[in-house]
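Hi,

Here is the structure I promised to pass on. Have a look at it first, and my notes on the pockets follow below.

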Amino acid sequence: MRILIANDDGIEAEGIVALYDALRSIHKCVVVAPDGERSAFSHSISIHSDLFYRKTEIGYAVSGTPADCVKLGILHLLDTPPDVVISGINNGSNLGSDIMYSGTVSAAMEAAYLGVRGIAISLSNHNADSVYYARAAKLLCEMLDTLLSLPLSADTVLNVNYPVRAPFAGVRFTKAGINLYNDTFVAGERDGGVRLKGVPVEHDGNPDDCDVELIKKGFVTVTPLRLDRNDYDGLARLQHTDVFNRFAPTSGKAERNKR
């Protein structure tokens, strides 16, 4: 299998090295990853600046964002598209509403946008011991064929999170929950600058079967995500209302517009 490996922690991050080492003995792998830290860059791409890349022993180090790396890899660096893009292993979780900020998940989403299957994988805690990276990488290797054979739409990405604090309890398919933070801005590292500081807020608004809760019980969570962000139920309700009738042109105006 041809695999493109990306991340948002940078090409020298422990997680991406562990993932590459686990996959390369079985599959044909190439890494296309940022040349440094790009966490929380979400799905941003570089459209007003040049991208630069350099060849490394395991692939390519790129000056851009995680999404840039996947786009550059598939459209420019690789001779043929990969069978799958795997993003990670992220240093820290990508659970619940944190997904929308994640460069790791966005790299997998960019793959889906380009017609390639995408999988994101993260550890539930920052700066975990190396053994957890190895375990997560091994499990993903074992599950890979199964994950790719699932009856999912072409634009569906699988977001995998591996537990660190709780003993491994198995694997569950689940939905994303909600994370809440007490966000404030504090003095930055340079004079005159400020920095966002987010303190997690405990709440009871999540169902027991969502990713945020299951990871606490030791489950590896696998959450299907889609590029399609339409709220179809909401749209169906709105299309049957007449709230915009007062903005419709009058018959006189309509006639003048025709002329």
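Let me start with the second largest pocket: 16 residues line it, and those nearest its centre are Ile99, Met109, Leu225, Arg226 and Arg229. Bear in mind throughout that this is a predicted model.

That pocket holds about 460 Å³ of space. Two elements, helix 3 (103-113) and strand 11 (219-226), each put at least two residues into its lining. Helix 3 has the largest share, with 4 residues. If you sort the lining of the second largest pocket by residue type, you get 9 nonpolar, 4 polar and 3 charged.

Now for the largest pocket, which has a volume of about 1400 Å³. Its lining is made up of 42 residues, and Ser93, Asp98, Asn179, Tyr181 and Pro200 are the ones nearest the centre. The elements that contribute two or more residues to this lining are strand 9 (180-187), strand 10 (194-201) and helix 5 (211-214). Which of the elements gives the most to the lining of the largest pocket? That would be strand 10, with 6 residues.

As for residue types, the lining of the largest pocket splits into 15 nonpolar, 16 polar and 11 charged.

Cheers

Notes. Residues are numbered from 1 along each chain as its sequence is written. This is a predicted model: local features need pLDDT of at least 70, side-chain atom pairs count only at pLDDT 80 or more; totals for chains, interfaces and linings use all residues. Side-chain values use heavy atoms; hydrogens and water are left out. On a 1 Å grid over the protein atoms alone, a cavity is a set of points where a 1.4 Å probe fits but cannot get out, and a pocket is an open set with protein on both sides within 12 Å along at least five of seven lines; lining residues have an atom within 4 Å of a point. Grid points are joined across faces, edges and corners, and a volume is the space filled by probe spheres set on the points. Ala, Val, Leu, Ile, Met, Phe, Trp, Tyr, Cys and Pro count as nonpolar, Asp, Glu, Lys and Arg as charged, and the others, Gly among them, as polar.
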